[in-house]
Amino acid sequence: MIFKYKFLKKSLIDGDFSIENIDFKDIQKVSTYWIAAQERINLFNDGAIFLKTHNGLCKLENNFFTNKNNTKAAIYVVRDPRNVITSLSHHYDMSLEESFNFLTDKNIGLINRKIDSSVVTTIGDWSNNYKSWRNLKFSPLLIVKYEDLITDVKKTFLSILNFLKDFMDIKIEENRILKTIESCSFDRLAKNEEIKGFNESVYSAKKDKKLKFFYLGKKNNWKKLVKKEIINKINNRFKNEMKELGYLI
């Protein structure tokens with residue numbers, strides 16, 4: 001989850017930015033429009049805009065993903081890669097071995113398979129994605145650990161609100177905080193998905209059905225779900241960053 005002031009994907013998919021003959025799956029071509037698309041959004045929006053991306057804060061040839069003029073601040077949510085791998089495995093219907101290859105591929109990119117005009121997202125491996133945003137120099141940054149959102153959701157939510165107060169007018173009220181936490185609980189979201197579906201759930205050709213987006217929640221425990229061999233490979237591959245974040249001692 002990233003809090004950014006502007007972002008390419010909204011512009012291209014929602015039709016705010018007119019581009020002729022561009023292949024949205026060609027990252028080389030798309031990257032040439034990263035900044036231009038964000039500047040285009042600026043013309044039609046006042047104030048702060050919340051947008052989400054999985055993209056790394058990267059530079060492709062001479063094209064930067066974003067810059068100071070288009071980024072008020074960023075919130076980066078990081079998660080233990082040993083739990084990321086189980087989510088990847090379920091969401092994309094891959095084996096844990098395939099998911100490990102995905103997680104460690106520095107050249108990995110994503111395309112939303114449900115949207116023909118979807119823009120390719122340059123992710124990189126878990127380590128490079130994290131470090132790219134951690135090293136953000138031109139805008140304020142808040143790093144949030146996914147695990148803290150589970151163990152102490154209220155405290156973590158408050159830290160996010162206090163961070164955002166520097167960029168927008170926010171009234172922090174206890175009752176609204178509690179209502180927000182309740183409405184966004186995993187159980188509630190999972191129940192809503194059962195009733196209404198969820199637009200980011202992915203269809204599995206293997207199983208001939210859509211896979212649940214809200215799948216395990218707190219039950220996603222790498223100690224019980226991931227083979228020791230893969231755990232060791234993840235620990236070795238991302239040792240420095242995992243120690244930095246407290247995932248390894």
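Is E97 buried, partly exposed or exposed, and what is its relative accessible area? I looked this up in a predicted model. E97 comes out as partly exposed, with a relative accessible area of 36%.

**Entry 1: the partner of E97.** I found the side chain of E97 in a salt bridge with that of K227, at 2.4 Å from N to O. E97 sits in helix α5 (residues 96–103), while K227 is in the loop between α11 (222–225) and α12 (228–237). The two residues are 130 residues apart, and the pair links distant parts of the chain. K227 is partly exposed, at 42% relative accessible area.

**Entry 2: other salt bridges.** I searched the whole structure and got 9 salt bridges. One of them joins R134 and E244, with the closest N and O atoms 2.7 Å apart. R134 lies in helix α6 (residues 126–134) and E244 in helix α13 (residues 239–244), so this pair ties together parts 110 residues apart in sequence. I noted R134 as partly exposed at 27% relative accessibility, and E244 as partly exposed at 44%. I also checked R82 and D80, whose side chains meet in a salt bridge at 2.8 Å, N to O. Both R82 and D80 are buried.

**Entry 3: α8 against α9.** I then turned to helix α8 (residues 153–164) and helix α9 (residues 174–183), which pack at an angle of about 115 degrees with their axes 11 Å apart. Their crossing is right-handed. From α8, the residues in contact are V153, K154, F157, L158 and L161; from α9 they are E174, I177, T180 and I181. I sorted the residues of this contact into 6 nonpolar, 1 polar and 2 charged.

Notes:
Residues numbered from 1 in each chain as written. Predicted model: local features only at pLDDT ≥ 70, side-chain atom pairs only at ≥ 80, totals over all residues. Heavy atoms only, no water. Axes fitted to C-alpha atoms, helices over the stretch in contact; angles between N-to-C directions. Helix = DSSP H or I, 4+ residues; strand = E, 2+ residues; numbered from the N terminus. Left-handed = near helix turned anticlockwise from the far one by under 90°. Contact = heavy atoms within 4.5 Å. Nonpolar A, V, L, I, M, F, W, Y, C, P; charged D, E, K, R; others polar. Salt bridge = Lys/Arg side-chain N within 4 Å of Asp/Glu carboxyl O. Buried < 20%, exposed > 50% of the residue type's maximum accessible area, 1.4 Å probe, protein only.
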